[in-house]
Amino acid sequence: MAIQLPKGIKRTPQRLAILRYLEGNRDHPSAEEIYRDIKRDFPTMSFATVYNTLEALRAHGQVIQLSIDPKRRRYDPDTTMHHHLICRRCSRIVDIHIDFDISLPEEFNKGYSLIGSHIEFYGICPECKEDRDEDNKV
Ligand SMILES: [Zn+2]
Ligand SMILES: [Zn+2]
């Protein structure tokens with residue numbers, strides 16, 4: 001499903017470029033990355049435009065904001081329930097689309113209607129591991 005600008009937000013070429021950038025994007029980009037890439041085509045665009053557009057999309061459930069990266073907030077246009085694995089060295093984030101059976105123990109579940117879950121996995125990706133191995137060979 002295509003990402004839509006919330007009603008009341010003007011469809012400017014810059015904002016449409018942000019939507020195009022996010023559509024199907026699996027890199028979980030940060031606002032800074034989106035700004036840097038789109039600025040090439042729209043040199044006058046401000047960072048606030050990117051940030052405010054992302055914020056509006058997030059408020060309307062069009063993108064998810066991830067806090068898994070300790071360095072910066074990242075955005076995910078895939079709003080279906082999934083988990084994330086981040087490389088602690090290069091900050092690459094990978095989607096994990098497996099339905100784990102995570103049932104909350106009764107004692108924590110009292111009075112709640114659960115609507116979802118999100119697990120954050122941390123590790124070192126194969127590429128980063130290889131780099132490190134190379135270093136060690138010296
Ligand atoms: Zn890595
Ligand atoms: Zn994701």
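Predicted model: local features only at pLDDT ≥ 70, side-chain atom pairs only at ≥ 80, totals over all residues.

Student: What makes His-28 count as buried or exposed?

Tutor: The cut-off for buried is 20 or more other C-beta atoms within 10 Å. His-28 has 23, so it is buried. You'll find His-28 in the loop between H1 and H2. Its phi is positive, about 50°, although it is not a glycine.

Student: Which class does Ser-91 get, and why?

Tutor: Ser-91 has 17 C-beta neighbours inside 10 Å. Buried needs 20 or more and exposed needs 12 or fewer, so Ser-91 counts as partly exposed. Ser-91 is in the loop between S3 and strand S4 (93-96). Its phi is positive too, near 65°, and it is a residue other than glycine.

Student: How do you know which class Asp-78 belongs to?

Tutor: Use the cut-offs again: 12 or fewer would be exposed, 20 or more buried. Asp-78 has 15 other C-beta atoms within 10 Å, so it is partly exposed. Asp-78 lies in the loop between strand S2 (74-76) and strand S3 (83-87).

Student: Now helix H2. Why are its buried residues said to line one face?

Tutor: The buried residues of H2 (residues 31-39) are Ala-31, Ile-34 and Tyr-35. Looking down the axis of H2, they fall within an arc of 100°, so they line one face of the helix. In general, an α-helix has 3.6 residues a turn, so residues three or four places apart point the same way.

Student: What covers those buried residues of H2?

Tutor: The cover includes helix H1 (13-22) and helix H3 (47-59). The axes of H1 and H2 come within 11 Å and cross at roughly 115°, and the crossing is right-handed. Ala-17, Ile-18 and Tyr-21 of H1 make the contact with Ile-34, Asp-37 and Ile-38 of H2.

Student: How many residues of that contact are nonpolar, polar or charged?

Tutor: It has 5 nonpolar, no polar and 1 charged residues. Asp counts as charged, and Asp-37 of H2 is part of the contact.

Student: And what makes up the side of domain 1 that touches domain 2?

Tutor: The chain is divided into domain 1 (1-79) and domain 2 (80-138). 9 residues of domain 1 are in contact with 8 residues of domain 2. The domain 1 side divides into 2 nonpolar, 2 polar and 5 charged residues. The domain centres, taken over C-alpha atoms, are 23 Å apart.

Notes:
Residues numbered from 1 in each chain as written. Chains lettered and ligands numbered in written order. Domains from an automatic or database assignment. Contact = placed C-beta atoms within 7 Å. Helix = DSSP H or I, 4+ residues; strand = E, 2+ residues; numbered from the N terminus. Arc of directions from axis to C-beta. Axes fitted to C-alpha atoms, helices over the stretch in contact; angles between N-to-C directions. Left-handed = near helix turned anticlockwise from the far one by under 90°.
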